[in-house]
Amino acid sequence: MTIFQKIIDRQIPADIVYEDDLCLAFRDVHPQAPTHVLIIPRKPLPSLAHANDEDQALLGHLLLVARTLAVQLGLADGYRTVMNCGRDGGQSVDHLHIHLLGGRALGWPPG
Ligand code: AMP
């Protein structure tokens, strides 16, 4: 079981900023920006590579939640959404998640 599944199951604590029947969002424990939130589906998809056509609406929902949270968290000057996938993508937790980062000017390209 991944650490994110344990957060979903309330087995370990997290600073949850949003949840609905499809997903939840909580603050990253090692923030890379003043605001760093992770948005995860309740469905245990290991990564984007494991998503199917049936997940289209779910993936769209996660992005729209990111948009709404960006407003609620005051990221009026902009923000970045990131989805790391697999080893070369830098994914460290095998439960699909969108990083929502903001509160400072972010560099480009990423490392
Ligand atoms: P990734 O490297 O894209 O898989 O991102 C995983 C993220 O999960 C990292 O930014 C970690 O800091 C974060 N993380 C790991 N464990 C926890 C936790 N218990 N609560 C909140 N964030 C976590």
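This is a predicted model: local features need pLDDT of at least 70, side-chain atom pairs count only at pLDDT 80 or more; totals for chains, interfaces and linings use all residues.
Trainee: Which residue forms a salt bridge with arginine 42?

Mentor: Side chains of opposite charge can pair when their charged atoms come close. The cut-off is a side-chain nitrogen of Lys or Arg within 4 Å of a carboxyl oxygen of Asp or Glu. Here the partner of arginine 42 is glutamate 19, with the closest N and O atoms 2.9 Å apart. Arginine 42 lies in the loop between S3 and helix H2 (56-72) and glutamate 19 in strand S1, so the pair ties together parts that are 23 residues apart in sequence. Glutamate 19 is partly exposed, with a relative accessible area of 36%. As for the labels, helices (H or I, at least four residues) and strands (E, at least two) are DSSP runs, numbered from the N terminus.

Trainee: How many salt bridges does a search of the whole structure find?

Mentor: The search finds six. One of them joins aspartate 55 to lysine 43, where the closest N and O atoms are 2.6 Å apart. Both residues lie in the loop between S3 and H2, so this pair ties together parts that are twelve residues apart in sequence. Aspartate 55 counts as buried at 2% relative accessibility, whereas lysine 43 counts as partly exposed at 34%. Another salt bridge links aspartate 88 and arginine 87 (3.8 Å, N to O). Salt bridges that share partners also join Arg10, Glu19 and Arg42 into one network.

Trainee: Now a charged residue elsewhere: is aspartate 28 buried or exposed?

Mentor: Aspartate 28 is buried, yet has no salt bridge. Lys and Arg count as positive and Asp and Glu as negative, with His and the chain ends not counted. On that basis, the nearest side chain of opposite charge is arginine 27, 11 Å away. Aspartate 28 sits in the loop between strand S2 (23-27) and strand S3 (35-41).

Trainee: What does the side chain of aspartate 28 reach?

Mentor: It reaches the backbone nitrogen of histidine 30 at 2.8 Å. Contact means heavy atoms within 4.5 Å. Leaving aside neighbours within four places in sequence, aspartate 28 is in contact with His36, Val37, Leu38 and His99.

Trainee: Several of those contacts are in S3, so how do I read that strand?

Mentor: Two strands pair if DSSP finds at least two bridges between them. S2 and S3 run antiparallel, joined by five bridges, and leucine 24 stands opposite isoleucine 40 in S3. S3 also pairs with strand S5 (residues 98-102) in the antiparallel sense, over five bridges. In S5, leucine 101 is the bridge partner of histidine 36, and histidine 99 is that of leucine 38.

Trainee: Why is S3 described as largely enclosed by the rest of the structure?

Mentor: Because seven of the seven residues of S3 are buried. Thr35, Val37, Ile39 and Pro41 lie on one side and His36, Leu38 and Ile40 on the other. S5 is mostly covered too, with five of its five residues buried. On its other pairing, strand S4 (residues 79-82) and S5 are antiparallel over four bridges, with valine 82 opposite histidine 99.

Trainee: Finally, how many aromatic pairs does a search of the whole structure find?

Mentor: A pair of aromatic rings is described by the distance of the centres and the angle of the planes. Rings of Phe, Tyr and Trp (its six-membered ring) pair if their centres lie within 6.5 Å; planes under 30 degrees apart count as stacked, over 60 as edge-to-face and the rest as tilted. The search finds one aromatic pair. Phenylalanine 4 lies in helix H1 (residues 3-8) and phenylalanine 26 in strand S2, so the pair ties together parts that are 22 residues apart in sequence. Both phenylalanine 4 and phenylalanine 26 are buried.

Methods:
Residues are numbered from 1 along each chain as its sequence is written. Side-chain values use heavy atoms; hydrogens and water are left out. Buried means under 20% relative accessible area, exposed over 50%, partly exposed in between (1.4 Å probe, protein chains only). A polar contact is a pair of N or O atoms within 3.5 Å; within protein, one must be able to donate a hydrogen and the other to accept it, and residues adjacent in sequence count only if both atoms are side-chain atoms.
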